[in-house]
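The structure comes first, and the notes follow by topic.

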Amino acid sequence: MNTEQQCYMCNREATSREHVPPLCLFPEMKDSKGINFRKDLITVPSCDLHNSKKSDDDEFLMLSLSGLLKNNPVGNFHQLTKANRAIKRKNKDFIEKEILRNHRYGKIQTTDGKFRIISLGNPNIERLSKCLKHIAYGLFYQEFKERFNGELRMILEFIEYSDDNIQTMKNFLKRRFELEKVLNSELKGNNPEVFYYQFHKPDEFGLIGLKIVFYGTAEAYFSFMEKSSKEPFNLGMKLIEGGMNTFIKLGEEKFELNKKNNVNKA
Ligand SMILES: [Zn+2]
């Protein structure tokens with residue numbers, strides 16, 4: 001019998017198992033006052049190339065996600081413990097270079113009237129997207145027991161995009177998941193304070209949706225388009241990408257892409 005397993009990202013032979021999401025996102029017992037946030041972690045077979053431990057991507061992701069302002073207490077605490085220890089080991093300009101470009105400090109007023117110093121800047125979206133793509137592939141493998149072969153798109157809810165279209169897509173996807181939650185409510189992940197996820201059944205175009213939530217609030221949306229999926233989705237995306245004024249309907253709501261700003265002036 002052939003027991004050889006393939007990597008979750010490519011067709012090479014797997015040489016180890018990879019945690020999905022990375023282990024370092026989950027607080028260690030020594031930091032969590034004995035609460036176990038590492039219950040039944042997910043691992044998938046991985047080749048050497050796609051083992052993210054080897055590229056420091058895991059630590060990058062941990063520093064990027066644990067520092068988000070809206071995080072729940074588990075995320076905040078993880079930043080104060082593990083993330084701060086990691087930063088102390090780095091060069092001073094590490095944050096500026098790798099995590100948040102144009103880094104500067106700002107001040108916000110919290111709900112209890114106190115001021116809090118926060119970091120502002122441009123997140124390293126390319127690297128963040130690469131890390132999250134690996135997580136999406138890993139969860140797909142875990143869910144369907146096969147490697148995803150097709151096109152993956154993602155939108156990160158916790159990033160403010162400067163592009164209006166991406167912002168509209170973000171609102172659209174958020175709403176779509178809210179509506180579908182009623183029908184298909186299975187949330188997965190045994191450490192939900194750290195991370196949970198939710199897959200959707202394929203839609204009429206063969207598209208599979210995935211929502212991942214880190215530290216209670218940081219949401220990322222993915223759509224998996226298998227090679228065999230039908231044309232309408234592609235067509236719709238082509239219109240949007242080509243700059244055509246396009247509407248997507250969701251129940252009674254309409255989402256407009258490539259808005260024509262001068263319509264009212266005509
Ligand atoms: Zn691989």
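**Zinc site and overview**

The four donor atoms around the zinc ion subtend angles of 101 to 113°, so the arrangement is tetrahedral (four donors count as tetrahedral if all angles lie between 85 and 135 degrees; four count as square planar and six as octahedral if opposite donors are over 155 degrees apart and all others between 65 and 115; anything else is irregular). This is a predicted model, in which local features need pLDDT of at least 70 and side-chain atom pairs count only at pLDDT 80 or more, while totals for chains, interfaces and linings use all residues. Residues are numbered from 1 along each chain as its sequence is written, and side-chain values use heavy atoms, with hydrogens and water left out.

**Zinc ligands**

- The zinc ion is coordinated by Cys 7 through SG, Cys 10 through SG, Cys 47 through SG and His 50 through ND1, at 2.2 to 2.4 Å; donors are N, O and S atoms within 2.8 Å of the metal (3.2 Å for Na, K and Ca), and since water is not among the atoms, sites may look incomplete.
- Along the sequence, the spacing of the donor residues is C-x2-C-x36-C-x2-H.
- Cys 47 is buried, at a relative accessible area of 2% (buried means under 20% relative accessible area, exposed over 50%, partly exposed in between, with a 1.4 Å probe and protein chains only).
- His 50 is also buried, with a relative accessible area of 13%, and lies in the loop between β2 and α1 (helices are DSSP runs of H or I with at least four residues, strands are runs of E with at least two, and both are numbered from the N terminus).
- Apart from neighbours within four places in sequence, His 50 is in contact with Cys 7, Tyr 8, Met 9, Cys 10, Arg 12, Glu 18 and His 134, where contact means heavy atoms within 4.5 Å.

**Overall fold**

- The protein has six helices and eleven strands.
- Of its 266 residues, 43% are buried.
- Among contacts with a separation of 6 or more, 58% are between residues 24 or more positions apart.

**Helices α1 and α2**

- Helix α1 spans residues 57–66 and helix α2 spans residues 73–88; their axes come within 9 Å and cross at roughly 135° (axes are lines fitted to C-alpha atoms, for helices over the stretch in contact, and angles run from 0 to 180 degrees between N-to-C directions).
- The two helices α1 and α2 are therefore oblique to each other; angles under 35 degrees count as roughly parallel, over 145 as roughly antiparallel, 65 to 115 as roughly perpendicular and the rest as oblique.
- Ten of the ten residues of α1 are buried, so α1 is largely enclosed by the rest of the structure.
- These buried residues of α1 pack against α2, α3 (94–99), α4 (125–144) and β8 (207–214).

**Backbone geometry**

- The peptide bond from Val 20 to Pro 21 is cis, and its omega is near -10°.
- Pro 21 sits in the loop between β1 (16–20) and β2 (42–46).
- Lys 33, in the loop between β1 and β2, has a positive phi near 50° although the residue is not glycine.
- Lys 33 is exposed, with a relative accessible area of 73%.
- Lys 145 has a positive phi near 55°, again in a residue other than glycine, and is found in the loop between α4 and β5 (150–156).
- Lys 145 counts as exposed at 58% relative accessibility.

- Leu 210 belongs to strand β8 and counts as buried at 0% relative accessibility.
- Beyond neighbours within four places in sequence, the contacts of Leu 210 include Ala 136, Leu 139, Phe 177, Tyr 197 and Phe 222.
- Leu 210 and Ser 223 are 13 residues apart along the chain, with 6.3 Å between their C-alpha atoms.
- Glu 143 is found in helix α4 and is partly exposed, with a relative accessible area of 27%.
- The C-alpha atoms of Glu 143 and Phe 199 are separated by 8.4 Å, and the two residues are 56 residues apart along the chain.
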